[in-house]
Amino acid sequence: MLRNILLTLFALLAFLPGSAQFVHTNSQEVRSPMMELNGEWGTLPVMTLGSDDVLLFSFDEMSHTYRRFTYRIMHCDADWNPSDISEIDYIEGFNNMPIEEWENSVNTTRLYTHYSFTLPNGNVSLLLSGNYKVEIYDDESDDEEPVLVYGFSVVEPRISIDASVSGDTDVSLNDGQQQLSFVLSYGSYSIPSPATEIIPVVYQNRRRDNAVRGIKPTYMTGTSLEYVHNTSLIFNAGNEYRRFELNDPRTAGMNVEEIALYGDEYHALLYMDKQRRSHSNYIDENGRYYVNTHEGYGSPIEADYAYVHFALDVPYREGGDFYLLGDLCNNIITPLNRLDYDAEGGYYHTTQLLKLGLYNYMYVWVPSGAAEVATHPVEGDFYNTDNEYVIYVYHRAFGARYDKLIGVSSVNYRLERN
């Protein structure tokens with residue numbers, strides 16, 4: 001079975017995406033970009049201004065040939081567009097610096113070079129709060145576009161955020177939605193016009209497709225803004241993420257039916273996924289992934305790569321497309337993570353080149369010509385799903401040229417109801 005699927009999908013293998021959250025890859029030779037705050041996996045890529053926080057950036061280039069990569073730092077507004085300020089306003093030191101830390105992979109069938117750097121470092125430090133992009137360029141390429149873009153944030157805490165999540169929403173009772181509520185308390189911090197100067201942005205499981213902006217406060221006091229009974233903060237709850245583990249290239253892990261070496265490449269076939277009609281009790285990582293291998297000592301240069309074959313057993317559906325979603329495909333909708341339909345077999349499929357480890361994923365439906373992403377056609381929507389909500393609060397004072405990030409908070413529905 002695996003061999004037949006490989007033959008039908010082989011022509012697609014050159015167009016597979018990279019992976020990670022708040023990250024965008026423009027080159028199929030750059031994969032597995034990660035951000036890690038203070039050596040802790042899974043933490044938000046948010047540093048505190050003036051602290052000792054260190055953010056580690058890393059990625060793989062799929063060869064053993066050294067490439068001269070450089071990084072460029074750019075300050076952005078709340079919508080991740082470049083801010084109207086000079087480079088000297090937001091960094092101290094040097095920009096456009098080479099990435100000097102690199103190692104070749106060891107004992108892997110797929111050769112790659114692992115690159116890494118940290119911010120801040122001996123060459124540069126950050127002076128302002130807000131959103132930042134780090135663009136990675138290949139100096140040996142004629143392409144003027146970055147091969148990789150990271151997005152991270154720096155916060156200067158000025159407010160407190162009290163948040164909660166409920167399955168009882170203003171439009172349904174314990175159905176398929178969840179409603180977020182929060183109160184921003186700013187005390188003595190001066191905000192002349194809070195309703196217009198404060199910009200909250202909310203993410204569910206760090207997804208970008210359903211992020212909520214332009215939220216208006218429900219109530220105001222002299223020192224707080226309340227966002228309660230706000231229909232713009234009602235989210236489809238979805239279901240727990242599906243997961244698979246591929247820690248050993250010679251052993252099929254969780255949800256892996258078969259793994260084999262074809263030529264000089266590993267291929268892993270996952271068990272056929274079905275439409276879900278009830279809430280799953282799996283414990284998930286809310287869409288994230290963790291690179292890991294049972295071989296070696298957990299080093300990032302010892303984990304091999306495999307072509308992972310996903311298959312979804314649902315009838316053909318007109319008027320849109322199914323997509324794979326999660327950190328493994330940057331949590332964005334692109335043709336690279338769209339599922340194709342196999343008319344003969346009667347199922348949808350996609351193939352992704354992934355580094356060994358543990359992965360979360362889900363299937364979503366996107367109607368043709370629409371930006372809406374729906375979880376209910378395959379995964380279902382269940383009010384008791386464990387979801388993480390992250391609130392970023394920006395302040396754009398009247399006449400200011402950039403958005404300060406004055407507060408960040410996360411709340412988890414399962415923890416909230418326990």
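**View 1. S63 and E61 meet through their side chains.** In this predicted model, the side chains of S63 and E61 are joined by a polar contact of 2.6 Å. S63 belongs to the loop between β4 and β5 (69–76). Its backbone takes part in a contact as well: the backbone oxygen of S63 lies 2.7 Å from a polar atom of the T113 side chain. Set aside the neighbours within four places in sequence, and S63 is in contact with L111, Y112 and T113.

**View 2. T113 sits buried in strand β9.** Look for T113 in β9. Is it buried or exposed? T113 has a relative accessibility of 0%, so it counts as buried. Not counting residues up to four places away in sequence, T113 touches F59, D60, E61, S63, H64, T65, W102, E103 and N104. The S63 in that list is the residue whose backbone oxygen lies 2.7 Å from a polar atom of the T113 side chain.

**View 3. Four strands make an open sheet.** The order is β2-β4-β9-β8, with antiparallel pairing. From one strand to the next, the twist averages 15°. If you're following side chains along a strand, keep in mind that in a regular strand they alternate between the two faces of the sheet.

**View 4. Walking across the sheet, bridge by bridge.** Start with β2 and β4, which pair in the antiparallel sense over six bridges. Here L37 stands opposite L55 in β4. Next, seven bridges join β4 to β9, again running antiparallel. L55 turns up here too, with L119 as its bridge partner in β9. Finally, β8 and β9 pair in the antiparallel sense over four bridges, and the partner of W102 in β9 is Y115.

**View 5. Strand β4 is largely enclosed.** How many of the seven residues of β4 (residues 55–61) are buried? Six of them are, so the strand is largely enclosed by the rest of the structure. On its two sides in the sheet order are β2 and β9.

View 6. Most residues other than glycine have a negative phi, and most peptide bonds are trans. N38, in the loop between β2 and β3 (46–48), is not a glycine, yet its phi is positive at about 55°. N38 counts as partly exposed, at 39% relative accessibility. N107 is also not a glycine and has a positive phi, about 60°; you'll find N107 in the loop between β8 and β9. N107 is exposed, with a relative accessible area of 73%. P120 lies in the loop between β9 and β10 (124–126).

**View 7. V106 meets a partner from elsewhere in the sequence.** V106 is in the loop between β8 (101–104) and β9 (113–119). V106 and E302 are 196 residues apart in sequence, but their C-alpha atoms are 5.3 Å apart in space. Beyond its neighbours within four places in sequence, V106 is in contact with I301 and E302. V106 counts as partly exposed, with a relative accessibility of 34%.

View 8. How many aromatic pairs does the structure hold? There are 30. Take Y392 and Y394: their ring centres are 6.4 Å apart and their planes are at 10°, so the pair is stacked. Y392 is buried at 2% relative accessible area, and Y394 is buried at 1% relative accessibility. Elsewhere, one aromatic cluster is formed by F57, Y71, Y90, F117, Y132, Y150 and F152.

**View 9. An arginine lies over a tryptophan ring.** What lies over the face of W365? R317 does, at 4.6 Å from the ring centre.

Notes:
Residues are numbered from 1 along each chain as its sequence is written. This is a predicted model: local features need pLDDT of at least 70, side-chain atom pairs count only at pLDDT 80 or more; totals for chains, interfaces and linings use all residues. Side-chain values use heavy atoms; hydrogens and water are left out. Rings of Phe, Tyr and Trp (its six-membered ring) pair if their centres lie within 6.5 Å; planes under 30 degrees apart count as stacked, over 60 as edge-to-face and the rest as tilted. Buried means under 20% relative accessible area, exposed over 50%, partly exposed in between (1.4 Å probe, protein chains only). A charge sits over a ring if NZ of Lys or CZ of Arg is within 6 Å of the ring centre and within 35 degrees of the ring normal. Contact means heavy atoms within 4.5 Å. Two strands pair if DSSP finds at least two bridges between them. Axes are lines fitted to C-alpha atoms, for helices over the stretch in contact, and angles run from 0 to 180 degrees between N-to-C directions. A polar contact is a pair of N or O atoms within 3.5 Å; within protein, one must be able to donate a hydrogen and the other to accept it, and residues adjacent in sequence count only if both atoms are side-chain atoms.
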